[in-house]
Amino acid sequence: MKATIVFEKIWKAIHAKNPDGSRKYKYIINTGSSRSSKTFSILQSHWLICLTNSNKRISIWRETKADCKMTVLADLKKAVPNFPNIESVIFNKTESVYTFSNGSTIEFMGGDEENRVHGFQGDVAHLNEPYKFSLEAFNQIDMRTSDYILIDWNPKNKHWIEDVAKRDNAIVIHSTFKDNPFCPTEQKI
């Protein structure tokens with residue numbers, strides 16, 4: 001699987017440990033310009049985590065489920081043919097869930113579904129461009145996520161994400177289109 005330096009940084013952050021062996025980062029915040037491979041690299045990491053770990057629940061969040069499906073799910077569908085072991089993964093179109101043969105799942109969620117936010121229980125949460133996500137919704141997802149939270153966004157205005165980035169167990173990975181050797185020339189221009 002071809003990957004960028006952005007993927008490498010995300011993968012290292014996911015697996016980073018404290019001296020006592022505990023997870024170093026609960027919050028992995030990807031910030032920077034469009035076409036830097038932030039979202040694609042995170043999707044690659046989700047796929048590999050699900051392939052190599054049983055019964056992991058990865059939930060990708062956006063403001064609405066419809067928006068999540070139109071953007072992130074569409075990106076994943078384009079990428080899947082280049083990912084390993086696709087023959088062992090089933091996609092449920094109705095529920096928008098990829099299920100791996102080991103019981104791990106990647107699902108697509110909307111922050112507007114209040115009962116989903118408050119009833120969520122998962123291993124990994126990925127907030128994609130959560131500009132209109134309230135701090136309350138984030139806090140609900142945060143307290144119900146056991147492993148780590150990935151956030152990818154292009155900072156525009158003051159946002160609660162900036163406060164999360166200051167936590168001791170947070171890392172910020174900054175990237176630009178220059179970090180993506182697969183970005184088409186027309187888009188670089």
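Predicted model: local features only at pLDDT ≥ 70, side-chain atom pairs only at ≥ 80, totals over all residues.
Figure 1. The chain has 189 residues, and 48% of them count as buried. Take the contacts between residues at least 6 apart in sequence: 71% of these join residues at least 24 apart. The close-ups that follow visit a few places one by one.

**Figure 2. Helix H1 meets helix H2 in a right-handed crossing.** Two packed helices are described by the angle between their axes and the distance between the axes. For H1 (residues 5-15) and H2 (residues 38-52), the axes come within 9 Å and cross at roughly 45 degrees. H1 is therefore oblique to H2. On the H1 side, look for Val6, Phe7, Ile10, Trp11, Ile14 and His15, which meet Lys38, Ser41, Ile42, Gln44, Ser45, Leu48 and Ile49 of H2. Sorted by class, this contact has eight nonpolar, four polar and one charged residues.

**Figure 3. Helix H2 also packs with helix H3.** The axes of H2 and H3 (residues 65-79) are 10 Å apart, and the packing angle is about 65 degrees. Angles of 65 to 115 degrees count as roughly perpendicular, so H2 is roughly perpendicular to H3. The two helices pass each other in a right-handed crossing. From H2, the contact takes in Thr39, Phe40, Leu43 and Trp47; from H3, Val72, Asp75, Leu76 and Ala79. Six of the residues in this contact are nonpolar, one is polar and one is charged.

**Figure 4. Lys26 is a buried residue in a loop.** Find Lys26 in the loop between H1 and strand E1 (27-32). Is Lys26 buried or exposed? Its relative accessible area is 17%, and buried means under 20%, so Lys26 counts as buried. Leaving out residues up to four places away in sequence, Lys26 touches Asp142, Thr145, Asp147, Tyr148, Ile149 and Asn169.

**Figure 5. Ile29 sits in strand E1 and is buried.** The relative accessibility of Ile29 is 1%.

Figure 6. Ile171 counts as partly exposed, at 23% relative accessibility. Which residues does Ile171 touch, not counting those up to four places away in sequence? They are Ala13, Tyr25, Tyr27, Ile28 and Ile29. Ile171 can also be placed relative to Leu150: the two are 21 residues apart in sequence, and their C-alpha atoms are 9.9 Å apart.

**Figure 7. His159 is buried in a loop.** This loop runs between strand E7 (145-153) and helix H6 (161-164). With a relative accessible area of 11%, His159 is buried. A polar atom of the His159 side chain lies 3.1 Å from the backbone oxygen of Tyr131. Tyr131 is one of the contacts of His159 beyond its neighbours within four places in sequence; the others are Pro130, Phe133 and Trp153.

**Figure 8. Asn85 and Glu129 have positive phi values.** Neither residue is a glycine. Asn85 has a phi of about 55 degrees and is found in the loop between H3 and strand E3 (89-92). The relative accessible area of Asn85 is 39%, and Asn85 is partly exposed. For Glu129, phi is near 45 degrees. Glu129 belongs to the loop between strand E6 (122-128) and helix H5 (135-143). Glu129 is partly exposed too, with a relative accessible area of 28%.

Methods. Residues numbered from 1 in each chain as written. Heavy atoms only, no water. Axes fitted to C-alpha atoms, helices over the stretch in contact; angles between N-to-C directions. Helix = DSSP H or I, 4+ residues; strand = E, 2+ residues; numbered from the N terminus. Parallel < 35°, antiparallel > 145°, perpendicular 65-115°, else oblique. Left-handed = near helix turned anticlockwise from the far one by under 90°. Contact = heavy atoms within 4.5 Å. Nonpolar A, V, L, I, M, F, W, Y, C, P; charged D, E, K, R; others polar. Buried < 20%, exposed > 50% of the residue type's maximum accessible area, 1.4 Å probe, protein only. Polar contact = N/O pair within 3.5 Å; in protein donor to acceptor, adjacent residues only side chain to side chain.
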